[in-house]
Amino acid sequence: MDFKDLMPFYKKQPSISYKYKFTVFTPVYNCEKSIKKVHESLLNQTFKDFEWLVINDASTDKSHEVITKIIESSPLNIHYVNNIENKHKMSCFIQSIDLAKGEFLLPFDGDDECYTNALETFNSEYEDIPEELKSKVAAVTVQCVDQYGNRVGELFPEDPFYCNTFEAWITKQISGEKWGFTKTDVLRSITINPNMLNYGFIPESIIWNTVARNGFLTKCVNKALRIYHVGVEGSIMNTPMTARSAFGSVLNGLAEYNWFFKKYFFKSPMFFLKSLYVTLRSSTYLDYPLKVYLKSIDSFIVKLLVIVFWPFRSFMK
């Protein structure tokens, strides 16, 4: 085992022509009670140049029947995929990249809503990017509110705020739920070892970090466009099985060290110390010996830290 072999990397692929401006991608897991609201949000959009890509991740409720019923009468351009085997959200996201026919890929969960001008605003925010920056900007991100109208997360320090998302995350402490699209061409250029998805849940942050480490910027604006429903049970995101998420947590932590430690450690040492703690704690759920981790780490300093703290892993809660 070498964790480095499973880390994504960027290799630019030729640009292709797209049928739509947006692919709105909805991963579904047991959303029979909420998927109609997602459809209504998209049905009411003022900007119509989009497809709705729905991937049902082997739901055990009546999501398939509800979605099929929606498709029968909906005027939207709907591409529906019904996975027989549960793959989890990250696998569905990777699946969506291959299927997307839109220039911009916009994830939109199966239990959320958005304002009627969401796609129109996203499009105008991208069009307003200065021409000299457009090739460097891979994404546009906005704010969210919960179902009670309260903002979820911190405002961006500027509006608009052009940033490397990893650097902004660790130095500006920008927290909370956000929403945004990414250029499909950029996502198509991320090479993913399919074996990465065979070890449990993988966090999507490893994809966004791959985008950031390759020099792309994100345009962040303080407009709230998505209604993020908090406290919803049965969501595709609500899977707190630590043992199944341990491998993904370790892989993501090691990638952060290999990709960003040298450049950013002195800007935010606490972030990397916390990341090391989470990585070592997660490693207790795996059966790999210390030498496997050391082989996967580039930095001598990080290797030394892992060796020092390795005997204390069992005390990390």
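**Entry 1: a pair across the chain.** I started with K21 and found it in a salt bridge with E103, the closest N and O atoms being 3.2 Å apart. Keep in mind that this is a predicted model. I then checked where the two partners sit: K21 is in strand β2 (residues 20-28) and E103 in strand β5 (residues 102-107). That puts them 82 residues apart, so I noted the pair as a link between distant parts of the chain. E103 is partly exposed, at 29%.

Entry 2: Next I looked at K69, which forms a salt bridge with E72. Here the closest N and O atoms are 4.0 Å apart.

Entry 3: I moved on to K89, whose side chain meets that of E204 in a salt bridge at 3.7 Å, N to O. K89 lies in helix α3 (residues 88-99), while E204 is in the loop between β11 (190-191) and α8 (205-213). The two are 115 residues apart in sequence, so this pair ties together separate parts of the chain. Both ends are buried: K89 has a relative accessible area of 11%, and E204 comes to 19%. For the whole structure, my tally is 14 salt bridges.

**Entry 4: helix α3 itself.** Since K89 sits in α3, I looked at that helix as a whole. α3 has twelve residues and reaches 17 Å from its first C-alpha to its last, close to the expected 16 Å. How many of the twelve residues are buried? Ten are, so the rest of the structure largely encloses α3. Among them are H88, M90, F93 and I97. I checked what the buried residues pack against, and the list is β2, β3 (50-57), β4 (78-83), β5, α7 (184-188) and α8.

**Entry 5: cysteines.** C92 is another buried residue of α3, with a relative accessible area of 0%. I wondered which cysteine sulfur is closest to that of C92. It belongs to C31, and at 11 Å it is too far for a bond. C144 is in no disulfide either; its nearest cysteine sulfur, that of C114, is 10 Å away. C144 is buried too, with a relative accessible area of 0%. The count of disulfides for the structure is zero.

**Entry 6: two last stops.** S275 is in helix α10 (residues 269-283) and is buried at 10% relative accessible area. Leaving out residues up to four places away in sequence, S275 touches G253, E256 and Y257. Finally I looked at the surface, where F300, I301, L304, V308, F309, F312 and F315 form a nonpolar patch. Together they have about 770 Å² of accessible area. One of them, I301, is found in helix α12 (residues 300-309).

Note on methods
Residues numbered from 1 in each chain as written. Predicted model: local features only at pLDDT ≥ 70, side-chain atom pairs only at ≥ 80, totals over all residues. Heavy atoms only, no water. Helix = DSSP H or I, 4+ residues; strand = E, 2+ residues; numbered from the N terminus. Buried < 20%, exposed > 50% of the residue type's maximum accessible area, 1.4 Å probe, protein only. Contact = heavy atoms within 4.5 Å. Patch = residues over 30% accessible without salt bridge, like charges linked within 9 Å, V, L, I, M, F, W, Y side chains within 5 Å. Areas by Shrake-Rupley, 256 points an atom, 1.4 Å probe, with all protein chains shown as cover. Expected span 1.5 Å × (residues − 1). Disulfide = S-S within 2.5 Å.
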